[in-house]
Amino acid sequence: MNGWSELIAAERLAELEPTVGRELLRHALEDRPRAESRRVFTNRTLRMGKIRQIGFDLDFTLALYDQNAMSQLAFELTLDRLVERHGYPREILRAEFRPPFCRRGLILDTEHGTVLKMDRHRYVGRAYHGRRPVEGRERSELYRQEPVKPSSSRFYRVDTLFELPEVNIFSEVIDLADHQSAPVSFDSYVRLFQDTRHAIDSIHADHTLKQRILADLPRYLPRDDELILALKRMSLRGKRLLLITNSEWYYTEALCSYLFDDALGGGSWRDIFDLVIVEAGKPGFFRKNQPFVELDAAGEEVGEVEQPDWGGVYRGGSRENLTRLLGGRGEQMLYVGDHIYGDVLSTKLTSTWRTALVVNELEDELETRADLSSQHRHLDVLRAELAEFGQRMDGLDDILALYRKLGNGDTADDESSQRTRTHLHELRTEHRAMRQLVRRLQDQISTAINPYWGSLFKQGSNKSLFGSQVENFACIYTSRVSNFAFYGSNHYFRVLLDSMMHEASI
Ligand SMILES: [Mg+2]
């Protein structure tokens with residue numbers, strides 16, 4: 001018997017036979033593996049015992065699409081739109097779908113036609129123009145002459161998984177044009193970016209993408225049996241669950257029925273959530289003050305209300321108008337989403353709601369890192385040795401400088417100076433070899449995680465811009481919502497490491 005059916009059976013049994021039911025419940029809830037890739041990680045201490053309500057985003061949060069299938073569909077529909085409505089030549093249909101190249105956290109430079117990745121200090125560590133890596137002097141000239149401002153109009157940040165096909169199209173069309181392997185041209189990189197944006201927006205806005213997904217849900221939306229178990233477990237001690245999605249009612253209803261109704265043994269997904277808000281218009285939902293529109297069971301408008309009620313379905317609304325229903329204490333609400341800006345950063349900037357970020361890429365990355373654990377350990381040792389060598393070489397350089405300054409023709413000084421020089425030469429040779437080894441190991445680890453961009457969370461030895469945002473804005477983060485099935489409903493998520501550099505050295 002799998003997890004959720006055990007739990008549901010346990011709940012039913014609990015009504016008839018409390019002892020057996022409780023035992024089954026304990027078994028269903030506690031005897032579970034907790035692989036590293038399924039853990040919940042804590043940036044800011046969070047006592048689930050203090051949380052009274054948990055809100056969920058839908059797309060890429062509860063509904064964890066098959067990323068490749070979804071991106072390929074959007075990629076193909078968008079290319080078609082560029083040809084049909086924006087006058088691009090049919091040759092762009094030769095663009096190749098390249099999923100590993102497209103990652104969130106990347107930034108498009110719409111003036112120079114590059115895709116780049118930054119660390120948290122805004123240092124551009126990697127860049128590609130089409131498929132060509134931009135390196136050395138070219139990268140320095142583009143991104144080191146003045147500070148790079150990712151929030152300026154020149155740059156576009158890829159924050160959501162829905163946007164990955166844009167990266168693919170932008171770079172592939174530029175590559176086709178650069179190599180003149182097809183008669184592809186466009187007015188400017190900015191224009192190409194804008195046209196791609198419009199085309200992809202249009203397949204969302206006119207529901208083309210959603211209709212195609214709904215027509216073949218098993219292909220685009222793998223079910224996760226542990227998801228219902230996680231939601232049941234989270235709500236076990238009276239916490240209320242809310243669904244707050246930007247998707248429309250018809251789409252939300254279809255997706256949630258598909259995800260949950262069978263798992264509930266003929267029940268309805270509506271019973272899981274105490275409140276459903278569709279077309280919420282996040283991130284505006286967190287900033288604006290606007291009324292809710294109540295919907296009936298068929299999704300038809302009932303009328304406008306300022307305050308929603310438990311058990312209802314609403315459209316639009318705002319966080320502010322939800323506050324009274326939630327009891328006014330923002331820190332008792334946990335919001336779970338996948339969008340670093342629309343779900344997490346906006347929540348943090350406008351409320352005291354606690355935040356959980358779903359980063360599905362974490363699963364593959366942690367599994368790859370586990371496979372390379374010996375290389376990681378070797379790298380740590382080498383880095384410590386390199387630092388020590390550097391310090392010794394610096395000291396010897398200073399000594400040689402002093403001998404040169406003294407320059408008094410003393411034979412003993414000359415001999416010592418010569419010995420120092422020889423020693424320094426030996427150290428430098430060894431230091432060079434160690435640096436090469438470090439570079440090889442770094443490349444090996446980084447390429448195994450992603451051949452173009454390396455880790456999502458790191459750039460070189462620093463945190464990536466995306467990694468630092470996860471750390472700054474998400475109280476907790478995890479690879480999928482079903483991971484909460486492994487934690488008690490009142491679990492205390494503790495920060496294990498929140499040290500300044502000077503503390504780490506003690
Ligand atoms: Mg989402």
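**Overall picture and details**

Modeller: To begin with contacts in this predicted model: among those between residues at least 6 apart in sequence, 73% join residues at least 24 apart.

Biologist: How many helices and strands are there in the protein?

Modeller: The protein has 18 helices and 19 strands. Its C-alpha atoms fill a box of roughly 100 × 65 × 45 Å along the principal axes.

Biologist: And what percentage of the residues is buried?

Modeller: Of the 506 residues in the protein, 36% are buried.

Biologist: Let us turn to helix 12. Which of its residues are buried?

Modeller: Helix 12 spans residues 319–326, and its buried residues include Arg319, Asn321 and Leu322. These residues lie on the same side of helix 12, because they cover an arc of only 155 degrees around the axis.

Biologist: What covers the buried residues there?

Modeller: The cover includes helix 11 (284–287), strand 11 (292–295) and helix 13 (340–350).

Biologist: Which residue follows helix 12?

Modeller: Gly327 follows helix 12, and its phi is positive, near 95 degrees.

Biologist: A change of topic: where is Arg137?

Modeller: Arg137 is in helix 4, which comprises residues 136–143.

Biologist: Is Arg137 buried or exposed, and why?

Modeller: Arg137 is exposed, because it has 8 other C-beta atoms within 10 Å, and a residue with 12 or fewer counts as exposed.

Definitions and conventions:
Residues numbered from 1 in each chain as written. Predicted model: local features only at pLDDT ≥ 70, side-chain atom pairs only at ≥ 80, totals over all residues. Helix = DSSP H or I, 4+ residues; strand = E, 2+ residues; numbered from the N terminus. Buried ≥ 20, exposed ≤ 12 C-beta atoms within 10 Å, placed from the backbone. Contact = placed C-beta atoms within 7 Å. Arc of directions from axis to C-beta.
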